[in-house]
There are 2 protein chains.
Amino acid sequence: MNYTSYFRPGIDAMEGYTPGEQPKTMDIIKLNTNESPFPPAPGVKQALLDFETVRLRRYPDPVSSVLREEIAAMNGYGPENIITGNGSDDLLTILTRCFTDEHRAMACFDPSYSLYPTLANLQGAPCIRIPLTDDFDIPDDVLEQAAGANLFFIARPNAPTGNLFAKAKMERICAGFKGIVVIDEAYADFSRDNCMELVKKYANVVITRTFSKSRSLAGLRFAFAVAHPKIIEGMMKMKDSYNVSMLTQVLALASLRDPGYFEKCVNEIKANREVLAEGLRKLSFEILPSETNFLFVRPPKNAKKYFEDLKLKNIVVRYFPMARTCNYVRITVGSAAENAALLKATEEILSC
Amino acid sequence: MNYTSYFRPGIDAMEGYTPGEQPKTMDIIKLNTNESPFPPAPGVKQALLDFETVRLRRYPDPVSSVLREEIAAMNGYGPENIITGNGSDDLLTILTRCFTDEHRAMACFDPSYSLYPTLANLQGAPCIRIPLTDDFDIPDDVLEQAAGANLFFIARPNAPTGNLFAKAKMERICAGFKGIVVIDEAYADFSRDNCMELVKKYANVVITRTFSKSRSLAGLRFAFAVAHPKIIEGMMKMKDSYNVSMLTQVLALASLRDPGYFEKCVNEIKANREVLAEGLRKLSFEILPSETNFLFVRPPKNAKKYFEDLKLKNIVVRYFPMARTCNYVRITVGSAAENAALLKATEEILSC
């Protein structure tokens, strides 16, 4: 049997995106993919128990009507401003397909979420990577550098660096960029502000939000985007008809309807973030300001070695070997006990 | 606020795929989207009750390892031959993105699953639509007509016509077509044979299967594809990292592990199909041979009018207004009671 490749050019040669490890053993402290240390809202468990399995024989609502109504109302928009996705990845893929191709480039920052350039590659679209300044901020000539791109992906707060670009800088980009600006707010629930209201002012802005981090539902796959109705309309054509499963819709709704639990979890993670940062600072780490549920830190010893030493102690964090990030590790803010274990392990590693 | 469209050419103008209606009221007999009349396997309900909600805070296994092992073993392949998807739509989108673009056409039959040309449109790829013969069979010059395409989508059994193309004809296409042949076996569980073994003989063949029809899990979104490991490898790069949710993986596995219930349901649907066909034949309908869980039938009166009259009686079937299909309606094989209600309503409509 002879194999001939019929793949579009570039697919065979490219590497594909590598997601953070999902170790199968449970005796590991997993601080590598920014999951929440808390269980989902109690209502999610109840919704699961109440769910009548027979409903699964039917297709789900293709446009998540109830969720879109409630998300819209919570954010001051109408359902025509909302699209739901099978996680943010689904929405980012849809956006890439709607707005980029061989002749329409994507722009993104470096360092930022490493999925963006992979999405451009998969689409066969050029990718303009705009270096952040030395302190990981937006450069003054961002609009000149992004000129010619049709889609600009900006993670705010940025990942893996954790900092929050000034809102005035974001607004300058939205006003000046000739194309779609996607503000990926995966971590916005942990930050002091967000850009949701920019959709009201600029018809080229898309905000994305996920339930994977602040709502403890990474396993469920649910995210939504907010934008001008015309943008939502085109994205709806591009998405798979039934992209959000019935159980995902039911459980995402249950989570949404428990704002108290959500706020409690977010506040606790923000408090734990400060404790963890303080502990690492005492151990001579350089800590970048974080507005997320993770810390981007520079250890007082070789970062890769520190990452590997932690792994030997069954603690998994994330290391990005690229030039701009290779002196840092990214540590998810875990439970108080997990954070304490990380600090203890770090102290042991540094004292060797 | 001024809106300027930044969509890739064609998106604004195109219509998008229209899925079958999902009415929200429950007092309707819904025979329009080929769902199963039976609940999912009892093990699915149990798996839902046993599921520990706290697991949802973690990301799912990105490559559905356990499912792929078991699916591979059941079909005589290895896990390297299997990829899983968020429903067949997800896999068909991945295939379209891997193998077609502006310069690489898709081929498909007409009439066939109307999603295929929509997928080509969304990708900006040309679509070669090859007319089936008058009795909805593959034309002799199929290879000549498909020449130049890089991807050929074939539903077998075909939808919406329900017939099964001869396996010898399929094999001739697999051997002669210079590109990827996708055999979409969404309905193969209801038919007398399937093409699964062709993957062993031809490195350019992809088989797709879904849990939406024969496994009563349309709401869950689960499907898989079987192909040469090199094809799977490229598709894995293209898919979203966490395309199959954790609950979907858990429940799909539970369904897979109950082969007895599955066979019982399939056999009952096949038996009901014959009863329904016989009933309609007695009412002077022309019935196309069906190897699926639906019937494609030509009513003795105007098909569109019949479709509308049924709707007035709260029975929803599917009508495709295109030239080749406008004299037929497609009726899902429902429960014995639903089928009897359809026959009764039809008798009333015809006697008016």
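Predicted model: local features only at pLDDT ≥ 70, side-chain atom pairs only at ≥ 80, totals over all residues.

1. Between domain 1 of chain A and domain 2 of chain A, 10 residue pairs are in polar contact, both residues of each pair being at pLDDT 80 or more. On the side of domain 1 of chain A that touches domain 2 of chain A, α10 (259-282) and β10 (294-298) of chain A each contribute at least two residues. The largest share of that side comes from α10(A), with 6 residues. By class, the residues of the side of domain 1 of chain A that touches domain 2 of chain A are 12 nonpolar, 7 polar and 6 charged.

2. Domain division. Chain A is split into domain 1, made up of 20-39 + 260-351, and domain 2, covering 42-257. The C-alpha centres of domain 1 of chain A and domain 2 of chain A are 25 Å apart. To the contact, domain 1 of chain A gives 25 residues and domain 2 of chain A gives 26 residues.

3. Area buried between the domains. Domain 1 of chain A and domain 2 of chain A bury about 2,100 Å² between them, and carbon and sulfur atoms give 60% of this area. Which three residues supply more than any other three of the area that domain 1 of chain A buries against domain 2 of chain A? They are Phe262(A), Glu291(A) and Arg324(A), which supply 36% of it.

4. Charge pairing between the domains. The rule finds 1 salt bridge across the interface of domain 1 of chain A and domain 2 of chain A. Arg192(A) forms a salt bridge with Glu291(A), with the closest N and O atoms 2.9 Å apart.

5. Extent of the chain interface. Contact between the chains involves 89 residues of chain B and 90 residues of chain A. The area buried between chain B and chain A is about 7,500 Å², with 58% given by carbon and sulfur atoms. On the chain B side, Tyr6(B), Arg57(B) and Tyr59(B) lose the most area to chain A, and together they account for 11% of what that side buries.

6. Polar and charged pairs between the chains. There are 4 salt bridges between chain B and chain A. Arg8(B) forms a salt bridge with Asp101(A), the closest N and O atoms being 3.8 Å apart. Across the interface of chain B and chain A, 37 residue pairs are in polar contact, both residues at pLDDT 80 or more. Elements giving two or more residues to the side of chain B that touches chain A include α1 (42-50), α3 (88-99) and α9 (246-256) of chain B. The residues of that side of chain B divide into 41 nonpolar, 24 polar and 24 charged.

7. Overall form of chain A. Chain A contains 12 helices and 12 strands. Its radius of gyration is 21 Å, close to the 20 Å that the globule rule gives for 352 residues, so chain A is as compact as a globular protein of that length. Along its principal axes, the C-alpha trace of chain A spans about 60 × 60 × 55 Å.

8. A salt bridge within a helix. Over all chains, the structure holds 38 salt bridges. In one of them, Lys304(A) pairs with Glu308(A), the closest N and O atoms being 3.5 Å apart. Both Lys304(A) and Glu308(A) lie in helix α11 (residues 303-312) of chain A, 4 residues apart, which is about one turn of the helix.

9. Backbone features to check. A cis peptide bond joins Asp110(A) and Pro111(A), with omega about 0 degrees; Pro111(A) lies in the loop between β3 (105-110) and α4 (115-123) of chain A. A cis peptide bond also joins Ala159(A) and Pro160(A), with omega about 5 degrees, and Pro160(A) is in the loop between β5 (149-155) and α6 (167-176) of chain A. In chain B, Arg221(B) has phi near 70 degrees, a positive value in a residue other than glycine. Arg221(B) is placed in the loop between β7 (205-210) and β8 (223-226) of chain B.

Terms used
Residues numbered from 1 in each chain as written. Chains lettered and ligands numbered in written order. Heavy atoms only, no water. Domains from an automatic or database assignment. Contact = heavy atoms within 4.5 Å. Buried area = accessible area lost by both parts, 1.4 Å probe. Salt bridge = Lys/Arg side-chain N within 4 Å of Asp/Glu carboxyl O. Polar contact = N/O pair within 3.5 Å; in protein donor to acceptor, adjacent residues only side chain to side chain. Nonpolar A, V, L, I, M, F, W, Y, C, P; charged D, E, K, R; others polar. Rg over C-alpha atoms; globule rule 2.2 N^0.38 Å.
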